[in-house]
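Please read it with the coordinates open.

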Amino acid sequence: MLIRPAVSADAAAIWAILEPVIRAGETYALDRAMPKAAALAYWFGADKEVFVATDESGAILGTYYLRANQAGGGAHVCNAGYMTGAAATGRGVARAMCQHSIDHAKARGFRAMQFNFVVSTNVRAIGLWQSLGFEVVGRLPGAFAHPAEGFADALVMFRTL
């Protein structure tokens, strides 16, 4: 697996990953009806570095972004968001992207990484983040309206770099 910076030519493949996740509404606090242009503008925001994970043939399996979590006095802590294509689930793509993001964040001089809003029903992701050294440092009771599970907690997860 190769992880490289995303380029504009990757937009269609990235949208193919983002769209089903956004439409499902189970893991990201984004409008489930968000149009393609708005979703890509969000993912490729000016404050973000975007990467893709590819297989040996160059097919995009997942994508992530990295950014400063806050400005000013909080700019030494970064934030990241990850999405994996449905066909690549369970193949280590998210783990590889998270490890890459940790290494890249360290290289950029960030001192810590924080996930602001991890939906508590996303147990697979929570287990992965914990296996990579993240701890739950906060819980927002009922902060996420899950389409099937009802109101679910959102977790704040953190690790030093």
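A residue counts as buried when its relative accessible area is under 20%, and as exposed when that area is over 50%. The model discussed here is a predicted one.

**A residue in strand E3**

Tyr64 lies in strand E3, and with a relative accessible area of 0% this tyrosine is buried. When neighbours within four places in sequence are left aside, the contacts of Tyr64 include Ile3, Trp43, Glu49, Val50 and Phe51, and also Gly81, Tyr82, Met97, His100, Ser101 and His104. Tyr64 and Ala80 are 16 residues apart along the chain, and their C-alpha atoms are separated by 6.8 Å.

**The sheet**

Strand E3 belongs to an open sheet of seven strands with mixed pairing, in which the order is E1-E2-E3-E4-E5-E7-E6. Which strands stand at the edges of this sheet? They are E1 (2-5) and E6 (135-146), and because each has a single partner strand, one side of each is left without a neighbour in the sheet. From one strand to the next, the twist averages 25°.

| Strand pair | Sense | Bridges |
|---|---|---|
| E1 and E2 | antiparallel | four bridges |
| E2 and E3 | antiparallel | six bridges |
| E4 and E5 | parallel | two bridges |

Strand E2 is largely enclosed by the rest of the structure, because five of its six residues are buried.

**The helices**

Helix H1 (residues 11-24) and helix H2 (residues 36-43) pack with their axes 10 Å apart and at an angle of about 105°, which means that H1 is roughly perpendicular to H2. On the H1 side the contact is made by Ala11, Ile14, Trp15, Leu18 and Ile22, and on the H2 side by Lys36, Ala39, Leu40 and Trp43. The residues of this contact divide into eight nonpolar, no polar and one charged.

**The cysteines**

How many disulfides does the structure hold? There are zero. Cys78 is in no disulfide, and the nearest cysteine sulfur to its own, that of Cys98, is 9.6 Å away. Cys98 is likewise in no disulfide, with the sulfur of Cys78 as its nearest cysteine sulfur at 9.6 Å. A pair of cysteine sulfur atoms would have to lie within 2.5 Å to count as a disulfide. Cys78 counts as buried because its relative accessibility is 0%, and Cys98, at 0% relative accessibility, counts as buried for that reason.

Technical notes
Residues are numbered from 1 along each chain as its sequence is written. This is a predicted model: local features need pLDDT of at least 70, side-chain atom pairs count only at pLDDT 80 or more; totals for chains, interfaces and linings use all residues. Side-chain values use heavy atoms; hydrogens and water are left out. Buried means under 20% relative accessible area, exposed over 50%, partly exposed in between (1.4 Å probe, protein chains only). Axes are lines fitted to C-alpha atoms, for helices over the stretch in contact, and angles run from 0 to 180 degrees between N-to-C directions. Angles under 35 degrees count as roughly parallel, over 145 as roughly antiparallel, 65 to 115 as roughly perpendicular and the rest as oblique. Contact means heavy atoms within 4.5 Å. Ala, Val, Leu, Ile, Met, Phe, Trp, Tyr, Cys and Pro count as nonpolar, Asp, Glu, Lys and Arg as charged, and the others, Gly among them, as polar. Two strands pair if DSSP finds at least two bridges between them.
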